[in-house]
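Below is what I looked up, roughly in the order I went.

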Amino acid sequence: MSLISERQDFSTIADVFLVHGSMQSPAFLDGRLCASLALHDLSAEAWLEEVCMSLGVEQPRDEPSAERLLAWRRQTLDALAASELNFEPLLPDDMFSLAERAQGLKEWTLGFMEVIEDAGDDARTKWSAALREAVEDLAGLTAIETDIDDSAENEGDLFALSEHARMAAMLLYTEQHPGQPQVEKVDEDSRTTH
């Protein structure tokens, strides 16, 4: 089975980073990836170049690593463009402590906002009020407290913040790519079949 068809998760990508001698979290680059796919239709070549630069290498160490990094991009693009609206940021899962998960969300948001800031104010003037508000709210996540205890309340709060990041990324993508996903068309089709 090809690595391209396997689901890439936080731990899998973190392992690829480790193979390249990097202890950094993939969350920051995933935030950059999501915003770059939405705003610039980031190519596979440009993505691989960005990851390698971040890892401090000229190219992926081996073919399986390159395949995983490219599969990460493809998986993210497919999820952002899917009508199921099932995109999920690449964040630490519940195998990690809440503090580690909060740090991951903070890093993801920093990466996402870095690309947004680089795009400049001209891009924002074309956005809907809902998208501008979602991105402004998201900017507040760059300052969230990450030294939190494992508790049901903190877990609920972190879930809500992660959901906001997820929705902001999907909203940015859909506004920059009208008709993708075809949510409206799916709704119309379901009404005509009933």
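**Entry 1: a charged spot**

I started with Asp-93, which I found in the loop between helix H4 (63-81) and helix H5 (98-119). Before going on, I noted that this is a predicted model, where local features need pLDDT of at least 70, side-chain atom pairs count only at pLDDT 80 or more, and totals for chains, interfaces and linings use all residues. I also noted that residues are numbered from 1 along each chain as its sequence is written, and that side-chain values use heavy atoms, with hydrogens and water left out.

Helices in my notes are DSSP runs (H or I, at least four residues), strands are runs of E (at least two), and both are numbered from the N terminus.

Is Asp-93 buried or exposed, or partly exposed? It counts as partly exposed, because its relative accessibility is 32%. My cut-offs are under 20% relative accessible area for buried, over 50% for exposed, and partly exposed in between (1.4 Å probe, protein chains only).

**Entry 2: stepping back to the whole chain**

I wrote down 9 helices and 0 strands for the protein chain. From the N terminus on, its elements read α-α-α-α-α-α-α-α-α.

How much of the chain is buried? Buried residues make up 43% of the 194 residues. The chain exposes about 10500 Å², and carbon and sulfur atoms supply 50% of that. Accessible areas come from the Shrake-Rupley method with a 1.4 Å probe, and for residues only the protein chains shown count as cover.

I also checked contacts, meaning heavy atoms within 4.5 Å. Of those with a separation of 6 or more, 76% are between residues 24 or more positions apart.

**Entry 3: salt bridges**

Side chains of opposite charge can pair when their charged atoms come close. My rule for a salt bridge is a side-chain nitrogen of Lys or Arg within 4 Å of a carboxyl oxygen of Asp or Glu. How many salt bridges does that rule give? The count comes to 7.

I looked at Arg-74 and Asp-78, whose closest N and O atoms are 2.9 Å apart in their salt bridge. Both sit in helix H4, 4 residues apart, about one turn of the helix. Arg-74 is partly exposed at 37% relative accessible area, and Asp-78 is partly exposed at 40%.

Next came the salt bridge of Glu-88 with Arg-166, with 3.9 Å between the closest N and O atoms. Glu-88 lies in the loop between H4 and H5 and Arg-166 in helix H8 (residues 152-176), so the pair ties together parts 78 residues apart in sequence. Glu-88 counts as partly exposed at 47% relative accessibility, whereas Arg-166 counts as buried at 11%.

Arg-124 forms a salt bridge with Glu-117, the closest N and O atoms being 2.9 Å apart. Arg-124 is buried, with a relative accessible area of 19%.

I then found a network: Arg-32, Glu-50 and Glu-114 are joined by salt bridges that share partners.

**Entry 4: a closer look at Glu-114**

Glu-114 lies in helix H5 and counts as partly exposed at 34% relative accessibility. Leaving aside neighbours within four places in sequence, I have Glu-114 in contact with Phe-28 and Arg-32. Glu-114 and Ser-36 are 78 residues apart in sequence, yet 9.9 Å apart in space, C-alpha to C-alpha.

**Entry 5: Ser-162**

Ser-162 is in helix H8. It is buried, with a relative accessible area of 18%. Not counting residues up to four places away in sequence, Ser-162 touches Leu-91 and Leu-105.

**Entry 6: backbone angles**

Most residues other than glycine have a negative phi. Which way does phi of Asp-41 go, positive or negative? It is positive, near 45°, and Asp-41 is in the loop between helix H2 (26-40) and helix H3 (44-55).

Leu-85 also has a positive phi, about 55°, although it is not a glycine. Leu-85 lies in the loop between H4 and H5 and counts as partly exposed at 33% relative accessibility.
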